[in-house]
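Keep the viewer open as you read.

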Amino acid sequence: MPGRPPAAEGRGEVAAPARPGVGAGADPEGAGPTAEARARRQGRRRQVTVAAVFLAPAVVLLAVWVAWPVVFTVWRSFYDAGGGDFVGLEKYRQMLEGDATRRAIANNAVWVVVAPTLATGIGLVFAVLTERIRFGTAFKVVVFMPMAISFLAAGVIFRFVYEGDPDRGLANALLSGVVEVFEPPGPYPGARPSVPGALTGDGDSGFVTAEAYRPPATVRLGLVAIAPDLVPADAEPAAVPPPPPPGAVGGTVWLDFTRGAAGERGAIDPTEVGLAGVRVEALDATGDVVGADTTDEAGRFVVSGADDGPVRLRLAASTFRPPWGGFTWLGPSLVTPAVIGSFLWIWAGFAMVVIAAGLSAIPRETLEAARVDGANEWQVLRRVTVPLLWPVLLVVAVTLVINVLKIFDLVLVVPPGSVQDDATVVALEMWRVSFGGARDQGLGSALGVLLFVLVIPAMAFNIRRFRSEQQ
Amino acid sequence: MATAPPPPPNRRRWRPRLAVLGLALALVAGACGGGDDGDAASSTSPGGGAVDLTGVTLDVSAVWSGEEQASFEAVLAAFEERTGATVRYTSTGDDIAAVLGPAIDAGSPPDVAMLPQPGLLRDLAAAGSLVAVEDVVGALVDEDYAPVWRELATVDGTLYGVWFKAANKSTVWYDPAALETAGVTPPETWEDFQAAAQAIADSGTVPLSVAGADGWTLTDWFENVYLRTAGTDRYDALSAHEIPWTDESVVGALTTLAELLGNPDFVAGGPQGALQVEFPESVAQVFGDAASAAIVFEGDFVAGVIESDTPATLGTGADFFAFPSVGGSGPAVVGAGDVAVLLRDSPGGRALLEFLASPEAAEVWAGRGGFASPNQAVDASVYPDDITRRSAQALTSAETFRFDMSDLQPAAFGATVGSGEWKILQDWLADPSDPGATAAALESARQAAG
């Protein structure tokens, strides 16, 4: 630890001026009071009084707003929910055994490990890159801008970003654009056979006829549960194709639903339309595809190639593939990473600005020397820039750790109520148990004490750095 | 809670999440407010009428935000006009207990608060935070309200408030066009309901929109089914926790409910999708521009949301049917309400409470829609449309009326975001396969809440 020796020296230096003063005062006293000594003592007393007067407001405020609340919280954590009965460490036991509080502690651990690391890393990358580009300052301003937004407002913004429906949530909209290039949605997502049992399987694997047909044969395959706006505007009334040639199976795929549920299931009623664009495959006894066709506007198809005996028909899964629904960002499993994402959006700018300031203080010659020696940019970053920046990176990371330990607003605002319990962190849990339904301020205080204890190492580290920097 | 056919009980706490903002504001208001006691003219005249309260400032807190806040502020404006007082309204957001608690601890509660849960009224009365109001509104309550409302505002024989707003929470809202397309009529029995849902699904529309992100909508589903399957005696016993939640009637109600909500084809977005949908969104899924579902269940306050947030017209583009009977149960209504309580005793606060108990105050909001009053003296013709009137009258014609059960529970169990009954029913919606385990979880959460 480089901080240690300077810190020790620092203490020595602070103490040093006092010693001669005391010594000087003590000596004459031993020799008997002289006018000079008395004057000096009076002077010292006045100094102390002046110091006390100047310090008093700060001390009083510190005592009222910092010291007393800390003491009170510790004291309160030994009492029950109402505050009447002393329960010793019971609330701490509850804290460590309760499901929600344990989840809060576990989530906070994830936060502390992941969020500061990523924010510092992203900040470093941005800081290094903005040095190289032309509009670096403009870029920095943009990245730093979220710092000007309150956590609460940022949380509301990200609530929308993470909305599940790709039509509304930005995150899923971006992803669905990519996904649907590779897996285009089918024309009839969610459709089901109209007569249960006639077709087996489901939309994910395609529907297969229960019965095998010996060609030539004509088959009617009715579907329901197709939203009216998915039926093509040019759909024609469902029609049965003419008897197919030998070795072929023909038939109709149609929407077996009449407005008002008036029609008969399994029969082609007058107003029912054919479903175009359905891929129909013929499967032989081993399940191999021996022929395929796509239905026309009246829902007609003719599959040839079934010379070798009976075939089953399959309506291909691609017909029923739903549009990509997006990730449930704010579901139980992704909610913490998602909220951490919103935290990064806010704090990466802070990390970047501080690191950029540190970067500008690095001697250019070292970087130049490394490049002249043949190091590539990655090596320069890893072996020269990062080691030189290490103290700055550490300060940024530790500051962020302190920030993350007390994270509250984002976790309150971003997750919907149904997953608040899965996303909860210590600070939020403290508030929930203290002022939520349970109003257990004993447990809340215990969580507060836990938070306090967790913050101490980070604070100690920062104070020590601060001291060593004062050298 | 006794059977009480007449007036309507009430609605509650769907508030956008933004309402956390209200929390911060409320704390500020709570800290600054107050200190105006005693400077008002004394006396109490009927309806909070003729008292001169010029120069008096009163603080009022309630969970209402948005449209409802505007309507309530119109009621308060009428009071200001009569008395010359200034009333500051603060929306507390979802969790009024979390806002009132610290304000009471700090000695600066609002003058009047509208509590959405009788459980909270009991808690605060037991803690000595409420002013007894027998001499303020006792006579009015006896005169204009059915006995059940006095009962619901009474703790240990003392009256602590007056029910201002009531709601019928046994209304199921639907898009008539979607039902017509599917060839179904509003169902009257649970079996019809399932058949209708299947027919609607076949027509290509998802039958149900469920606001799973808000746990309270799920408790309302459960309570309506439970009241019909288990009957009033068990409903009362379970409300009071005289029978455990592991009782077979609870498992049975959950199993019945799963016949609808457990079918992924019946719920918009499937269970996981539904858990991300908050209440206003669930209404928009049925009546909004990009509607995807046919039916949404919630209380009569859905009408107000349809009017303000969607292009649908009440009556033609949106209608409701009474929650269907299950296994031959008679017409039953689950309801809820907001009770006005006095937290600081002052002539101004008393006058306001008295005003809120009067038909004049109720008629201000009733005329704006999305409101039903338990006050029998309110003129039914002030309700703006047939739907509101029908839903208010459905309450008076019900054979059975029960107060929303989750409102009767300790707040830690029945009314806390992300824990207790809300959370457990959300977990159940995600996976309804083991109602026994859900019942066990409910019981242990209920026990933990004391």
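## A four-stranded sheet in chain B

In chain B, four strands make an open sheet with mixed pairing, ordered 8-9-7-10. Strand 8 (206–209) and strand 10 (319–322) of chain B are at the edges with a single partner strand each, so one side of each has no neighbour in the sheet. From one strand to the next, the twist averages 30 degrees. Helix 8 (residues 190–202) of chain B packs on this sheet and touches strand 8 and strand 9 of chain B, its direction making about 120 degrees with that of strand 8 of chain B.

Before going further, some ground rules. This is a predicted model, in which local features need pLDDT of at least 70 and side-chain atom pairs count only at pLDDT 80 or more, while totals for chains, interfaces and linings use all residues. Residues are numbered from 1 along each chain as its sequence is written, and chains are lettered from A and ligands numbered from 1 in the order in which they are written.

As for the terms, helices (H or I, at least four residues) and strands (E, at least two) are DSSP runs numbered from the N terminus, and two strands pair if DSSP finds at least two bridges between them. Axes are lines fitted to C-alpha atoms, for helices over the stretch in contact, with angles from 0 to 180 degrees between N-to-C directions. Contact means C-beta atoms, placed from the backbone, within 7 Å.

How do the neighbours of strand 9 of chain B pair with it, parallel or antiparallel? The table gives the details.

| Strand of chain B | Sense of pairing with strand 9 of chain B | Bridges |
|---|---|---|
| Strand 8 | parallel | three bridges |
| Strand 7 (residues 171–174) | antiparallel | three bridges |

Strand 9 of chain B is mostly covered, with five of its five residues buried; a buried residue has 20 or more other C-beta atoms within 10 Å of its own, an exposed one 12 or fewer, and a partly exposed one falls in between, with C-beta atoms placed from the backbone.

## Core and covered helices

The largest nonpolar core has 247 residues, and among the members that touch the most others are B:Leu208, B:Ile295 and B:Ile200. Such a core is a set of buried Ala, Val, Leu, Ile, Met, Phe, Trp, Tyr and Cys residues joined through C-beta atoms within 7 Å. Leaving aside residues up to four places away in sequence, B:Ile200 touches residues including B:Ala178, B:Pro207 and B:Ala294.

Across chain B, 63% of the 450 residues count as buried. Helix 3 (residues 96–105) of chain B is mostly covered, with seven of its ten residues buried; these include B:Ile96, B:Val99 and B:Leu100. After helix 3 of chain B comes B:Gly107, with a positive phi near 75 degrees.

## Where chains and domains meet

The contact between the chains takes 39 residues from chain B and 29 residues from chain A. Among the elements that give two or more residues to the chain B side are helix 3, helix 8 and helix 18 (420–430) of chain B. That side divides into 16 nonpolar, 16 polar and seven charged residues. Here Ala, Val, Leu, Ile, Met, Phe, Trp, Tyr, Cys and Pro count as nonpolar, Asp, Glu, Lys and Arg as charged, and the others, Gly among them, as polar.

Within chain B, the domain assignment gives domain 1 (17–168 + 336–403) and domain 2 (171–333 + 405–448), with bounds from an automatic or database assignment. Their centres, taken over C-alpha atoms, are separated by 28 Å. In all, 28 residues of domain 1 of chain B are in contact with 28 residues of domain 2 of chain B. Helix 16 (386–397) of chain B is one of the elements giving two or more residues to the domain 1 side, and its seven residues are the largest share.

Most residues other than glycine have a negative phi, and most peptide bonds are trans. A:Pro215 and A:Pro216 are joined by a cis peptide bond, with omega about -5 degrees. A:Ala225 has a positive phi of about 60 degrees although it is not a glycine, and A:Ala225 is buried, with 23 other C-beta atoms within 10 Å. B:His241 also has a positive phi of about 60 degrees, but B:His241 is partly exposed, with 17 other C-beta atoms within 10 Å.

Methods. Contact = placed C-beta atoms within 7 Å.
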